[in-house]
Number of protein chains: 2
Amino acid sequence: MTDTGGPPAGGENLLFLTDEQLRKGIEAMFFAYRGFTADPDRILSGMDYGRAHHRALHFINRMPGTTVNNLLNILGVTKQSLNRVLRRLIADGLVVSRVGRRDKRERHLYLSEKGEALERELSKAQRARMRKAYRAAGPEAVAGFRQVLEAMMDDEIRHQYLSLREGRS
Amino acid sequence: MTDTGGPPAGGENLLFLTDEQLRKGIEAMFFAYRGFTADPDRILSGMDYGRAHHRALHFINRMPGTTVNNLLNILGVTKQSLNRVLRRLIADGLVVSRVGRRDKRERHLYLSEKGEALERELSKAQRARMRKAYRAAGPEAVAGFRQVLEAMMDDEIRHQYLSLREGRS
DNA sequence: CTTGGAAAGTCAACATAGCTGACTTAAAAT
DNA sequence: ATTTTAAGTCAGCTATGTTGACTTTCCAAG
């Protein structure tokens with residue numbers, strides 16, 4: 001079923017596929033994600049917002065004018081769950097929702113000045129940690145990091161990720 | 001800090017530190033983590049367990065006989081939160097808690113046969129995804145992946161991660 | 001044109017899993 | 001003997017996920 005500690009199968013360059021190596025990768029992913037979210041979480045905890053608000057701000061900033069439905073697909077939560085978050089962000093004046101011109105069922109989302117300010121603060125902290133990690137590991141490690149992460153995504157999600165990279169909404 | 005044997009450290013090869021590149025890394029991390037947890041989540045959702053139970057099973061399996069306090073430090077949650085999870089796992093016969101021999105205040109945690117079976121199922125699914133990603137990206141990418149993740153952890157967490165790698169509890 | 005279905009969004013109610021604070025019990029350390 | 005530590009419990013709060021039921025709007029088939 002799974003090879004637990006046997007000799008490396010089929011040559012020495014498959015060593016990185018032993019269960020032991022895979023487990024290390026799994027734990028690295030777990031602990032690194034904690035660090036990844038730590039700084040924004042700290043900032044948000046003081047103002048009664050959470051990670052969900054951060055994610056919404058991030059992607060609205062990334063794709064101004066996006067519809068609720070589009071945001072839903074990217075975040076991978078139910079519309080009811082997202083709606084609760086958006087309602088607060090709109091009530092607090094961080095996000096602006098405009099009825100669609102062509103299709104009045106749609107709501108197009110934008111950040112207000114205030115929303116942009118908070119998004120900047122959050123992403124600045126998160127970028128600082130990422131920059132430190134990138135700098136410590138070097139360009140080639142970064143390339144490998146991105147390759148493995150991309151390969152780890154679900155296919156559909158990877159397509160969304162790649163579309164985002166190209167600046168399409 | 002500096003990469004060994006890469007191109008000379010001029011101005012241009014710091015391109016991977018632009019805000020744009022960092023943002024791509026941030027989004028890759030976000031989407032990849034979704035994939036990372038997707039398979040265990042699917043398995044667990046059918047049996048009224050959640051991610052918290054998975055994490056507890058993983059680390060008890062990893063460090064049999066660990067104390068509650070040690071597990072607390074590794075998981076980074078409050079004892080009340082962990083206790084809710086452990087109580088269920090013990091009641092359901094997945095985890096065994098034994099009073100310490102030397103220090104009777106401590107409880108040492110072990111997986112039962114049933115607990116080991118579930119842990120195997122969960123980690124098998126998660127390893128399969130990791131294996132696929134590793135295989136697609138190749139050994140050098142994997143090395144870079146791990147370097148960046150380690151650099152992304154909080155210092156204290158990184159020490160715990162490295163201790164785990166060496167098999168200490 | 002009307003009507004019926006589909007799509008987008010909203011409201012209500014519930015579950016999970018974090019959190020803090022206050023407390024008990026037992027054992028170890030001082 | 002007193003204090004500290006490890007573990008556990010109870011109560012209550014928050015954030016964020018879920019389903020189900022609903023309204024408004026759009027579009028297309030009859």
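## Arrangement of the copies

Of the interface residues of chain A, 97% are also interface residues in chain B, so the copies meet through the same surface; contact here means heavy atoms within 4.5 Å. This is a predicted model, in which local features need pLDDT of at least 70 and side-chain atom pairs count only at pLDDT 80 or more, while totals for chains, interfaces and linings use all residues. Residues are numbered from 1 along each chain as its sequence is written, chains are lettered from A and ligands numbered from 1 in the order in which they are written, and side-chain values use heavy atoms, with hydrogens and water left out.

Two copies of a chain are related by a rotation about an axis and a shift along it.

Of the atoms of DNA strand C that come within 4 Å of the protein, 54% belong to sugar and phosphate. The residues of this surface divide into three nonpolar, nine polar and 13 charged. In this scheme Ala, Val, Leu, Ile, Met, Phe, Trp, Tyr, Cys and Pro count as nonpolar, Asp, Glu, Lys and Arg as charged, and the others, Gly among them, as polar.

At least two residues each come from α3 (68–75) and α4 of chain A and from α2 and α4 of chain B. The largest share, five residues, is that of α4(A). Helices are DSSP runs (H or I, at least four residues), numbered from the N terminus.

Polar contacts are pairs of N or O atoms within 3.5 Å. The side chain of B:R84 has an N or O atom 3.1 Å from a base oxygen of DNA strand C.

## Surface near DNA strand D

Around DNA strand D there are 24 residues, of which A:R55, A:R84, B:N69, B:K79 and B:R105 come nearest. Sugar and phosphate make up 56% of the atoms of DNA strand D that come within 4 Å of the protein. By class, this surface has three nonpolar, nine polar and 12 charged residues.

Polar backbone atoms of chain A approach phosphate oxygens of DNA strand D at A:T78, at 2.8 Å, and at A:K104, at 2.9 Å. From chain B, a polar side-chain atom of B:N83 lies 2.9 Å from a phosphate oxygen of DNA strand D. The elements giving two or more residues to this surface are α2 (51–62) and α4 (79–91) of chain A, with α3 (68–75) and α4 (79–91) of chain B.

## Largest pocket

The lining of the largest pocket has 30 residues, and A:Y33, A:R51, A:R55, B:Y33 and B:R51 lie nearest its centre. Its residues divide into 14 nonpolar, six polar and 10 charged. The largest share of the lining, seven residues, comes from α1(B).

Terms used
A residue is near a molecule or strand if one of its heavy atoms lies within 4 Å of it. A polar contact is a pair of N or O atoms within 3.5 Å; within protein, one must be able to donate a hydrogen and the other to accept it, and residues adjacent in sequence count only if both atoms are side-chain atoms. On a 1 Å grid over the protein atoms alone, a cavity is a set of points where a 1.4 Å probe fits but cannot get out, and a pocket is an open set with protein on both sides within 12 Å along at least five of seven lines; lining residues have an atom within 4 Å of a point.
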